[in-house]
Amino acid sequence: MNVKAYVAAAVVLAVPATAFVVDAATAAKVERHLAVQARTQDQLPADPDTYVGGFPFAQVLRSGEIPRVSLQALDVDTAGLTVNSRTDIYEITIPANKAYAGDFVGAPAKRVDRTLSLDGVAFGELLNMTDLDISNPYDISPTGGSASEAQLTGTVPGMEEQSTVVVTLRLKGTEFIMEPISLIDVSPDHADTVSRAFTLSLDTRDLPIGGQADKVEVAGGSIRFSAAKRNVTLSPADLSPITAPAR
């Protein structure tokens with residue numbers, strides 16, 4: 001290859017590479033803007049993990065749409081619990097100039113999902129157990145919806161040894177209901193005490209997910225509650241990983 005051909009080939013390769021770098025930097029700038037905005041608005045201890053979907057980001061010039069924006073805060077204190085809280089916003093219709101400026105307020109979105117993850121420490125607070133462990137009782141991928149199951153292990157107040165129980169997790173209207181269906185290696189003398197300790201009901205509107213939960217599941221050693229809103233005009237509160245309880 002002669003020098004001119006070599007230079008031409010290098011230019012051809014460099015142009016898309018440069019465009020990729022510029023596009024990635026633009027998306028990162030928008031993510032940073034949204035993260036700082038959320039941290040400031042909700043007085044978070046750190047910037048939330050933020051993701052703006054759509055590759056390349058410049059596709060918004062043609063489509064007028066950002067397919068997804070996600071914000072996640074880990075180990076954040078909200079509504080008296082220390083939780084992992086996440087917001088996923090889907091199919092945002094937005095002019096390109098506003099997208100590039102990170103100005104999503106007022107843009108219509110097809111759906112906003114809120115997800116609250118309670119690990120053994122957080123969920124254990126609801127049961128007055130300081131050593132709660134949460135797992136999937138079956139060797140399969142976790143499933144969720146209006147019902148799921150979990151295996152819980154913890155020390156019931158007043159007892160010295162841990163108890164392991166398989167429980168159902170159900171959503172009935174606004175209520176979350178947890179009930180034991182199997183006691184594992186629990187003495188018959190303690191069965192009633194253990195069953196009562198692993199029974200729980202609460203109104204999901206009191207959880208910091210902004211509405212009535214429509215999904216509960218077990219994943220990653222946590223119990224996760226989700227609530228979805230559809231056809232939303234985005235407000236500053238929607239562009240945050242956390243939200244207040246619905247009541």
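Start by selecting Phe176: at 0% relative accessibility it counts as buried (buried means under 20% relative accessible area, exposed over 50% and partly exposed in between, with a 1.4 Å probe and protein chains only). Before going on, a word on the ground rules: this is a predicted model, where local features need pLDDT of at least 70 and side-chain atom pairs count only at pLDDT 80 or more, while totals for chains, interfaces and linings use all residues. Residues are numbered from 1 along each chain as its sequence is written, and side-chain values use heavy atoms, with hydrogens and water left out.

Phe176 and Phe225 make an edge-to-face aromatic pair, 5.0 Å centre to centre with 85 degrees between the planes. (Rings of Phe, Tyr and Trp, the last by its six-membered ring, pair if their centres lie within 6.5 Å; planes under 30 degrees apart are stacked, over 60 edge-to-face, and the rest tilted.) The two partners come from distant parts of the chain, 49 residues apart: Phe176 is in strand β9 (residues 175-184) and Phe225 in strand β12 (residues 222-233). (Helices, H or I of at least four residues, and strands, E of at least two, are DSSP runs numbered from the N terminus.) Select Phe123 as well, and you have one aromatic cluster of Phe123, Phe176 and Phe225.

Next, colour the sheet that β9 belongs to. What is the strand order of this open sheet? The five strands run β5-β7-β8-β9-β10, with antiparallel pairing (two strands pair if DSSP finds at least two bridges between them). At the edges, pairing on one side only, are β5 (133-135) and β10 (200-203). From one strand to the next the twist averages 25 degrees. Zoom in on β9 and β10, which share four bridges, and find Glu175 opposite Asp203 in β10.

Then show helix α4 (residues 120-127), which packs on this sheet and touches β5, β7 (147-155), β9 and β10 (contact means heavy atoms within 4.5 Å). The direction of α4 makes about 100 degrees with that of β10; axes are lines fitted to C-alpha atoms, for helices over the stretch in contact, and angles run from 0 to 180 degrees between N-to-C directions.

For the last stop, note that the whole structure holds three aromatic pairs. One of them is Phe57 with Tyr100: the ring centres are 5.1 Å apart and the planes at 75 degrees, so this pair is edge-to-face. Phe57 lies in the loop between β1 (49-52) and α2 (60-63), and Tyr100 is 43 residues away in helix α3 (residues 96-101).
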